[in-house]
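I am opening a notebook page on a structure that is new to me.

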Amino acid sequence: MTASKITVAAACAVAICFLFGGGHNGFAADEYNPRIKSSDFTTDITNSYFNLPVGKKMVFESKKRNGVERTEIQITGETRKVVSVQTLVYWDRVWLNGNLIEETKDYLAQDISGNVWYFGEEVNNYVNGKLANHDGSWLAGVDGAKPGIWFKANPRVGDTYRQEYYRGKAEDMAEVVAVDETVTTTYGTFRNCVKTYDWTPLEPDAKEHKYYCREVGGVALVVNLQTGGRTELIEVSRNTGVSGKTKVLSGKEGNNIGQDGQDDDDKDDKDDKDDQDDQDDR
């Protein structure tokens, strides 16, 4: 792996500073100490490559040796305070051949520069339909665990950063390797995507590429670098909040759920009003 370039100026501008040193890929674990100022964070996550408006749902599928895995991500609007920061719940559920095997609540917040931070996760793992354990769980501020960056505001090739840090338990890292990738999945073709290389020193074989695309406001594709397996986005939808309506979005509309969602809601309100007027006329 080539030497990593570390960019911290944007984070330090909002009093969230890293102390990096010599260790793995230039990161000294003992010196990693992001300083968090709660007033610099919001649960309104609007990062153009990774936006999470309430009501958003993303569905992924991948083929495994023992069947088909389906992952659903939902943003319900639930929040939780972690180390004084109000975070948004990123609800992640995984099924294998229709059987729930994992349910996770990730805790995210965006700083004033637009970086999306990761403050921990609560994990429920299931075996044969029964809760088996909570392996993988961690929370910033508990037992020395510290938050990291899930995705940067202005990713540049060479940027390398900790996504989480709980010594010996959660040490995921990411490096930006491209910012102009074209990605094709069953859901569509997306251009100018950011490609990251994700790994952890705790599991040398756990290496993957992730592709974040503006057109969907999130990940469109994950590629396992050991097996070549692909986890593909197959659907993006948004609960409009109007009469229980859900809008399934095409690839080109995907990112609009974070940018133009209000316009859609207004249209739905008007449609409902027109329907009511029609009923009154009858």
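I note first that a disulfide is taken here as a pair of cysteine sulfur atoms within 2.5 Å. The model I am reading is a predicted one, and it holds one disulfide.

I looked up the partners and found that Cys 193 and Cys 213 are joined, with 2.1 Å between their sulfur atoms, which puts the pair inside the 2.5 Å cut-off. The angle about the S-S bond is 110°, and the link of Cys 193 and Cys 213 is right-handed. I then traced where the two ends sit: Cys 193 belongs to strand S16 (residues 188–199) and Cys 213 to strand S17 (residues 207–213), so that the pair, 20 residues apart, links distant parts of the chain.

Is Cys 193 buried or exposed? I find Cys 193 buried, because its relative accessible area is 0%, and Cys 213 likewise counts as buried at 0% relative accessibility.

Last, I checked confidence: the protein averages a pLDDT of 84, and 74% of the residues score at least 70. Residues 1–26 stay under 50, with 59 contacts beyond four places in sequence, while residues 258–282 are also below 50 and have 19 contacts beyond near neighbours in sequence. Where pLDDT is low, the predicted coordinates should not be read in detail.

Definitions and conventions:
Residues are numbered from 1 along each chain as its sequence is written. This is a predicted model: local features need pLDDT of at least 70, side-chain atom pairs count only at pLDDT 80 or more; totals for chains, interfaces and linings use all residues. Side-chain values use heavy atoms; hydrogens and water are left out. pLDDT is the predictor's confidence in each residue, from 0 to 100. Contact means heavy atoms within 4.5 Å. Helices (H or I, at least four residues) and strands (E, at least two) are DSSP runs, numbered from the N terminus. Buried means under 20% relative accessible area, exposed over 50%, partly exposed in between (1.4 Å probe, protein chains only).
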